[in-house]
Amino acid sequence: MPIDATLPYDDANIFARILRGEIPSKKVYEDEFALAFHDINPQAPTHILVIPKGRYVSWDDFSAHAPDAEIAGFIRAVGHVAREQGLVAPGYRLLANVGAHGHQEVPHFHVHLFGGRPLGPMLTRP
Ligand code: AMP
């Protein structure tokens with residue numbers, strides 16, 4: 001079910017639990033600001049989620065409230081993961097879903113990193 005991105009941060013969400021080490025993830029990268037791990041239900045040969053370590057519900061929350069250092073650290077981590085995965089030359093896609101219309105399901109800000117095949121048009125019509 002898509003979430004309401006205006007709700008306060010919920011420490012019980014699944015990505016908060018991954019960050020606390022309470023449930024496993026297939027980690028590909030970690031630094032001071034970000035954790036990257038494989039999506040459990042991949043939509044492309046490479047489908048990685050990159051999440052900030054801070055408590056932000058969505059892109060909206062993160063872009064409005066995160067300190068500059070956290071934003072810079074997170075953006076650099078996303079780029080680093082894409083380079084490390086060899087995705088720059090073939091190309092890749094970043095996606096951040098926000099709230100109900102964005103079909104965001106996990107209420108901890110995350111960026112999807114897709115690659116490994118031509119990804120087609122940006123959106124499909126309903
Ligand atoms: P979104 O719709 O943008 O909120 O995407 C949430 C993503 O999290 C989906 O692609 C799920 O497959 C993925 N996901 C949910 N639970 C886990 C988990 N435990 N480990 C890895 N990925 C997960």
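Author: Here is a walk around the ligand, followed by a look at some individual residues.

One thing to keep in mind from the start: this is a predicted model. So where is the ligand? It sits in the largest pocket. The shell around the ligand holds 16 residues, and the closest are D39, N97, E105, H110 and H112. If you sort the shell by residue type, you get seven nonpolar, seven polar and two charged residues. Two elements, α1 (14-19) and β2 (34-38), supply at least two shell residues each. Of the elements, α1 gives the most, with three residues.

Now let's zoom in on some distances. Start with D39: a polar atom of the D39 side chain lies 2.5 Å from an oxygen atom of the ligand. Then there's N97, where an N or O atom in the side chain is 2.8 Å from a ligand oxygen. H103 does things with its backbone: a polar backbone atom of H103 is 3.0 Å from an oxygen atom of the ligand. How much of the ligand does the protein bury? Taken alone, the ligand exposes 500 Å², and the protein buries 86% of that.

Stay with H103 for a moment. You'll find H103 in the loop between α4 (99-102) and β5 (111-115). H103 has a positive phi of about 60 degrees, although it is not a glycine. Is H103 buried, exposed or partly exposed? H103 counts as partly exposed, because its relative accessibility is 46%, which falls between the 20% and 50% cut-offs.

The loop between α4 and β5 also holds H108. With H108 the picture is simple: its relative accessibility is 0%, so H108 counts as buried. Along the chain, H108 and F62 are 46 residues apart, while their C-alpha atoms are separated by 9.6 Å.

S58 belongs to the loop between β3 (46-52) and α2. S58 counts as buried, because its relative accessibility is 0%.

Next comes helix α2 itself, which covers residues 59-65 and includes H65. Is H65 buried or exposed? H65 is exposed, because its relative accessible area is 57% and the cut-off for exposed is over 50%. The side chain of H65 still has a partner: it makes a polar contact of 2.7 Å with the side chain of D61. As for H65 and Q104, they are 39 residues apart in sequence and 19 Å apart in space, C-alpha to C-alpha.

Last stop: N13, which is in the segment before α1. At 5% relative accessibility, N13 counts as buried, because buried means under 20%. Which side chain does N13 contact? The N13 side chain is joined to the side chain of Y9 by a polar contact of 3.1 Å.

So, if you want to trace this on screen, begin with the ligand in the largest pocket. Then look for D39, N97, E105, H110 and H112, the closest of the surrounding residues.

Terms used:
Residues numbered from 1 in each chain as written. Predicted model: local features only at pLDDT ≥ 70, side-chain atom pairs only at ≥ 80, totals over all residues. Heavy atoms only, no water. Near = heavy atom within 4 Å. Polar contact = N/O pair within 3.5 Å; in protein donor to acceptor, adjacent residues only side chain to side chain. Areas by Shrake-Rupley, 256 points an atom, 1.4 Å probe, with all protein chains shown as cover. 1 Å grid on protein atoms, 1.4 Å probe; cavity = no way out; pocket = protein on both sides within 12 Å on 5 of 7 lines; lining within 4 Å. Sits in = over half its atoms within 2 Å of the grid points. Helix = DSSP H or I, 4+ residues; strand = E, 2+ residues; numbered from the N terminus. Nonpolar A, V, L, I, M, F, W, Y, C, P; charged D, E, K, R; others polar. Buried < 20%, exposed > 50% of the residue type's maximum accessible area, 1.4 Å probe, protein only.
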